[in-house]
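Here are a few friendly notes to read alongside the picture. Take them one at a time and find each spot as you go.

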Amino acid sequence: MPLDASPASPSARPNIWARSTCPHDCPSTCALQVEVLEPGDAHAPGGPAPGRIGKVRGHPEHPYTAGVICAKVARYAERIHHPDRLLNPLKRVGAKGVGREAFREISWDEALDEVAHRLAEAEARYGSETVWPYFYAGTMGHVQRDGIERLRHAKRWSRQWSTICTTLAESGWLAGVGAKSGVDAREIEKSDLVVVWGGNPVSTQVNVMTWIAKARKARGAKLVVVDPYRTGTAEQADIHLCLKPGTDAALAAAVIHVLLREGLADRDYLARMTDWDAGAEAHFLARPPEWAAPITGLTVEAIEGFARLYGSTKKSFIRVGYGFSRSRNGAASVHAVSGLPAVTGAWAVEGGGALWGNGAIYHLDKTLIEGLDLLDRSVRKLDQSRFGPVMTGDPGDLGDGPPVTALFVQNTNPANVCPETKKCLAGLARDDLFTCVHEQFLTETAAMADIVLPATMFLEHDDFYTASGHTWLQVTQKVVEAPGECRSNHEVICALAKRLGVAHPGFEMTALELIEATWQASGHGSALDLLEGDGWLDCSDSPDRQHFREGFAHPGGRYRFTADWAAIGQAHAGMPPRADYWTAIDLQDEKHPFRLVAAPARSYLNSTFTETPGSRKREQRPTLLIHPGALDDLGAADGDLMRVGNARGSIRLHARAFDGVQPDVVVIESIWPNKAFPDGLGVNTLTSADAGAPRGGAVFHDTAVWIERGA
Ligand code: SF4
């Protein structure tokens, strides 16, 4: 553990600050300094003594974090030392979903023996594909998150098609740009115009605001936010384009129209660096602002004003968020937006271009961690976003394969975070299902499990991290001993492998050994050496590569305005090859006159932090943000209990009059636990498990609903 003694404390005792990295599902992957109050003692009689932490702050020397982190992580002491943390293995002896009283403590040996036995039993009955290891991004550390894949592949258990977050955005970005990379986010500082499109960094990636603030202060840069509601970020913007959800591509097409019409397109760049042709010219000339205005709900003047500002500002940087991708047409929308800097030539300019994410720059060889040498691609792959349909036996998901009769869950909480909650809960409630959940708290998924195992938090184990929002690899060691009998994901995976009789070098290594071997295999040198220093390594491409000055990542090197959707995914039927309004969304109708956006709450991160008092206090209660006019029309008032529903079910929650949306759009910030709602069902009761085109992806912000005053 790298420790610095700092005399900066006002108290007599010098603070001990340990370096770490935020593991949560956020593009910022902040470098942290963690105040260690009691280091803990790994050699204490009776087992390790837990350590205690105090403050958590952004590392001031990390070039991207620059000392800034979000409030929810700054309050981490209340999470890591929370009285409700799981401390011992538990076996359920009562009904599913009841809570702690339905469990009794058991030993680790008993727990692991039972899990191994039940998984093997299920396998003997139905074949290996009946077991479904299920995980996601509760930690973004590569060892502790992805080691479950090694066990999966070794056992030939059902694979997971990980679609719940990035797939739609990735599909759209790849269609135009060709690679999962973009311009270094720090170049925002050198921009004259920053466009935050479909994201709310004030709540979900605070560091973006740091760099925007620098550009505004130093250069008087303008900030434009494109978002269907007035978020915290939109409140700080010079211009907020408050469009209808799912219409972003129409806005982008109309902006391109204005750029062409008013001579603001960089014709030389289009000819040299893109696939622009007569077909593209005709397509965009047929999509004027007058066409886009009724689709987006924006005025012609607003669209033209933004287009002129964008077209006349060469140093324009688009920070592409995930929000607008979470729609059936989301990939097409992301593709459309990525084309804007190709029309103006901003891609080539310092301070210009766009960034969605940087996944491609790290070139990790994860064979050891994920057991890729054991991967059998003939084993079936189940779509994680369709957890509900899969677990309730939808033949469209299971095909000819067996039902899922054994689940092993790490790092996620599908009872809350997956679409179609009723199906998720029905699946988890099945009597023929064995479920083991390795968790930090008794989440609503864990409460449905047969065996619950207590998990470490990031400050209690070793790992390394990449970031999508910046360019650094970071390696960290544990800062404090874990409380109780908590074990890391890596320890549990290796212990199960032993009981199940499967072999792989990764099961024999410590987390630190896996980290070191992976870094060496990936050409990043020694992680151990880096631990002696600041622990981070810049993996950024050269500026020319970031700006695609030597060509985009498609064969031929050109940005593609005409997407080859068939090359990206099989479900491409009907997708518009060029930026357009694709109506394959959950459109309003007479019965469902509102469109619902299920946005992230500022103090939660998916379902994480819903247990911490500071976050709960700030978020108060599940709330329906609804336009005052719409509330009036419904005969309701601010604070009333409302019922929101569609064919998938209905939920109740309190209304807040909010004029930062169009009158037919409502927002529920979440992800609150189901039990925080009066009827025990939360927002994902309403969202659909339909797969976005062309290769899956959860469509959380693409939901038509009815609303009434809720009795
Ligand atoms: S901004 Fe994101 S990465 Fe940084 S501390 Fe908060 S959750 Fe973690």
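1. Let's begin with S16 and strand S17 (residues 451-454), which pair in the parallel sense over 4 bridges. Strands here are DSSP runs of E with at least two residues, numbered from the N terminus, and two strands pair if DSSP finds at least two bridges between them. His 438 has Leu 453 in S17 as its bridge partner.

2. A word on the source: this is a predicted model, where local features need pLDDT of at least 70, side-chain atom pairs count only at pLDDT 80 or more, and totals for chains, interfaces and linings use all residues. Residues are numbered from 1 along each chain as its sequence is written.

3. S16 also pairs with strand S15 (residues 406-410), again in the parallel sense, over 5 bridges. There, Leu 407 stands opposite Thr 435 of S16.

4. Is strand S16 (residues 434-439) mostly covered or uncovered? Mostly covered: 6 of its 6 residues are buried (20 or more other C-beta atoms, placed from the backbone, within 10 Å of the residue's own). One side carries Phe 434, Cys 436 and His 438, and the other Thr 435, Val 437 and Glu 439, all buried.

5. Elsewhere, 3 strands form an open, antiparallel sheet in the order S18-S19-S20. Its edge strands, S18 (463-465) and S20 (536-538), each pair on one side only. Strand S19 (residues 472-476) is joined to S20 by 3 bridges, and Leu 473 stands opposite Leu 537 in S20.

Note on methods. Buried ≥ 20, exposed ≤ 12 C-beta atoms within 10 Å, placed from the backbone.
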